[in-house]
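Q: I would like a close look at a single part of this protein, followed by how that part sits within the rest. Please keep it plain.

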Amino acid sequence: MSTKPDCHYVCQRCTACCKWAGDVQVNETEITGIAAFLGVSEHDFVRDFTRIRVNRTGLSLKDKEGTTECIMLEGDRCRIHEVKPRQCRGFPNTWNFPGWEDVCEAIAVPLKGEA
Ligand code: SF4
Ligand code: SF4
């Protein structure tokens, strides 16, 4: 985890994190919320939009066929923005990885009380 202390990073919706390879994890609560948001049954949502995680501990959103791009990305917007998974909401503030600043356009904003 490498973030500046006392800063919050504001997403600029560059969509880079929606296009890189890896798991976009969804838990049971998120599946319920996303399925309801899309107006489909949980069964159909799991069947059509998820796959087993690489480490087999649960489900992740599918990639678009032949790409590493999340199936929920439509142009430059997330189809499920209002109910997107916690993993998506948290990056890069609650989790990130070495070198994330090179691929993410989020802007650092000092937290209240800082310069
Ligand atoms: S769910 Fe939305 S925010 Fe999360 S990776 Fe997919 S397109 Fe991006
Ligand atoms: S890479 Fe960073 S700026 Fe781009 S969409 Fe993801 S969090 Fe937002």
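This is a predicted model: local features need pLDDT of at least 70, side-chain atom pairs count only at pLDDT 80 or more; totals for chains, interfaces and linings use all residues.

In which helix is F37 found?

A: F37 is found in helix α1, which covers residues 28-38. F37 has 15 C-beta neighbours inside 10 Å and therefore counts as partly exposed; the buried class would require 20 or more. Leaving aside residues up to four places away in sequence, F37 touches I80, E82 and V83. L111, in contrast, is 74 residues from F37 in sequence, and the two C-alpha atoms are 32 Å apart in space.

For the setting, the protein has three helices and seven strands. Read from the N terminus, the order of elements is β-β-α-α-β-β-β-β-α-β. The C-alpha atoms fill a box of roughly 50 × 30 × 25 Å along the principal axes. Of the 115 residues, 15% count as buried. Among contacts between residues at least 6 apart in sequence, 65% join residues at least 24 apart.

One of the contacts of F37, I80, also belongs to the set of residues around ligand 1.

In soluble globular proteins, nonpolar side chains tend to be buried together. V24 touches S60, L61, C70, P85, Q87 and C88, again not counting residues up to four places away in sequence.

Strand β4 (residues 59-61) also takes part in an open sheet of three strands, in the order β2-β4-β3 and with antiparallel pairing. The edge strands, β2 (25-26) and β3 (50-52), each pair on one side only. Between β3 and β4 the antiparallel pairing runs over three bridges, and T50 stands opposite L61 of β4.

The loop between β3 and β4 contains R56. R56 has a positive phi of about 60° although it is not a glycine. Most residues other than glycine have a negative phi, and most peptide bonds are trans. R56 counts as exposed because it has 6 C-beta neighbours inside 10 Å.

R13 likewise has a positive phi, of about 55°, and is not a glycine. R13 is found in the loop between β1 (7-10) and β2. With 14 other C-beta atoms within 10 Å, R13 is partly exposed.

R13 leads on to ligand 2, which is surrounded by C11, Q12, R13, C14, T15, A16, C17, F91, P92, C104, E105 and A106. This shell has eight nonpolar, two polar and two charged residues. Within the set, F91 and P92 are joined by a cis peptide bond, with omega about 0°. P92 lies in the loop between α3 (86-90) and β7 (107-110).

Technical notes: Residues are numbered from 1 along each chain as its sequence is written. Chains are lettered from A and ligands numbered from 1 in the order in which they are written. Two strands pair if DSSP finds at least two bridges between them. Helices (H or I, at least four residues) and strands (E, at least two) are DSSP runs, numbered from the N terminus. A residue is near a molecule or strand if its C-beta atom, placed from the backbone, lies within 6 Å of it. Ala, Val, Leu, Ile, Met, Phe, Trp, Tyr, Cys and Pro count as nonpolar, Asp, Glu, Lys and Arg as charged, and the others, Gly among them, as polar. A residue is buried if 20 or more other C-beta atoms lie within 10 Å of its own, exposed if 12 or fewer, and partly exposed in between; C-beta atoms are placed from the backbone. Two residues are in contact if their C-beta atoms, placed from the backbone, lie within 7 Å.
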